[in-house]
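Biologist: Hi! Could you walk me through this one while I have it open on my screen?
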Amino acid sequence: MTCTLFRAELLESRLPKGGIEKYDKFMRRTNVMPISMDSKVPALASTVRDRYIDTDFELLTPDAVHLATYMQNADEFQTFDGSDPKNKPGNPKKKRCGLLLLNGDTVNGKKFAIVKPSAKQVDLLKNAAAIPVGLAVK
């Protein structure tokens, strides 16, 4: 399961040749469920962002939308975001970034279950056919 917003995060000019086509092929897989944003997701994403605005954690709007989509549609959020300790926030006022660090936090009454997928991380655009994907759907 993935929020359809993910497509907006891809910049064709930054991808290798054929990258968008590989992404589109990936999204057509039977084990991938794209979830469109409804009118509740932006409001919930705003609540999620507000929870972290005055903390040392850098939460970008697209990540807040992904979290809001998860909060409405799944029991678990799987990501590799935060698994590399060398990644640093873009904002110098923030000290932490990476969604895995939010595991166990509670926002709007939901305790986050944010975990690494059991499969190894691969390059989405290089190995689209080899990627096992899934969130535990409610």
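Modeller: Happy to! Let's begin at Glu-76, which is partly exposed because its relative accessible area is 26%. Keep in mind as we go that this is a predicted model.

Biologist: Where is the place of Glu-76 in the chain?
Modeller: Glu-76 sits in the loop between α3 and β3, the strand at 77-78. The C-alpha atom of Glu-76 is separated by 9.8 Å from that of Asn-103, and the two residues are 27 apart along the chain.

Biologist: Let me step back a bit. How many helices and strands does the protein chain have?
Modeller: There are three helices and six strands in the protein chain. Starting from the N terminus, the order is β-α-β-α-α-β-β-β-β.

Biologist: And how much of the chain is made up of buried residues?
Modeller: The protein chain has 138 residues, and buried ones account for 38%.

Biologist: What about contacts between residues at least 6 apart in sequence?
Modeller: Of those contacts, 72% join residues at least 24 apart.

Biologist: Now the confidence. What is the mean pLDDT of the protein chain?
Modeller: The mean is 84, and 86% of the residues reach 70 or more.

Biologist: Where does pLDDT stay under 50?
Modeller: That happens over residues 128-138. The model does have 39 contacts beyond four places in sequence for that stretch. Where pLDDT is low, though, the predicted coordinates should not be read in detail.

Biologist: Good to know. Changing topic: at what angle do helix α2 and helix α3 pack?
Modeller: The angle is about 115 degrees, and the axes are 8 Å apart. To find them on your screen, α2 covers residues 40-52 and α3 covers residues 61-73. Their crossing is right-handed.

Biologist: Which residues of the two helices make the contact?
Modeller: From α2 you have Lys-40, Val-41, Leu-44, Ala-45, Val-48 and Arg-49. From α3 it is Thr-61, Ala-64, Val-65, Leu-67, Ala-68, Thr-69, Met-71 and Gln-72.

Biologist: How do those residues divide into nonpolar, polar and charged?
Modeller: In the contact of α2 with α3, nine are nonpolar, three are polar and two are charged.

Biologist: Thr-69 was in that list. Is Thr-69 buried or exposed?
Modeller: Thr-69 counts as buried, because its relative accessibility is 4%. Leaving out residues up to four places away in sequence, Thr-69 touches Cys-3, Ile-35 and Val-41.

Biologist: And Asp-63, where does that one lie?
Modeller: Asp-63 lies in helix α3. Its relative accessibility is 17%, so Asp-63 counts as buried, the cut-off being under 20%.

Biologist: What does Asp-63 touch?
Modeller: Not counting residues up to four places away in sequence, Asp-63 touches Asp-81 and Leu-99. Asp-63 and Asp-81 are 18 residues apart along the chain, and 9.8 Å separates their C-alpha atoms.

Biologist: I'd like to look at some loops too. Where is Asn-108 found?
Modeller: Asn-108 is in the loop between β4 (106-107) and β5 (110-111). The phi angle of Asn-108 is near 55 degrees, which is a positive value in a residue other than glycine.

Biologist: Why does Asn-108 count as exposed?
Modeller: Asn-108 counts as exposed because its relative accessibility is 59%, and the cut-off for exposed is over 50%.

Biologist: Last one from me: Ser-118. Where is that, and is it buried or exposed?
Modeller: You will find Ser-118 in the segment after β6, the strand at 114-115. With 84% relative accessibility, Ser-118 counts as exposed. Ser-118 is 40 residues from Gln-78 in sequence, and the pair are 8.9 Å apart in space, C-alpha to C-alpha.

Biologist: Great, thanks for the tour!

How values were computed: Residues are numbered from 1 along each chain as its sequence is written. This is a predicted model: local features need pLDDT of at least 70, side-chain atom pairs count only at pLDDT 80 or more; totals for chains, interfaces and linings use all residues. Side-chain values use heavy atoms; hydrogens and water are left out. Axes are lines fitted to C-alpha atoms, for helices over the stretch in contact, and angles run from 0 to 180 degrees between N-to-C directions. Helices (H or I, at least four residues) and strands (E, at least two) are DSSP runs, numbered from the N terminus. A crossing is left-handed if the near helix is turned anticlockwise from the far one by less than a right angle, and right-handed if clockwise. Contact means heavy atoms within 4.5 Å. Ala, Val, Leu, Ile, Met, Phe, Trp, Tyr, Cys and Pro count as nonpolar, Asp, Glu, Lys and Arg as charged, and the others, Gly among them, as polar. Buried means under 20% relative accessible area, exposed over 50%, partly exposed in between (1.4 Å probe, protein chains only). pLDDT is the predictor's confidence in each residue, from 0 to 100.
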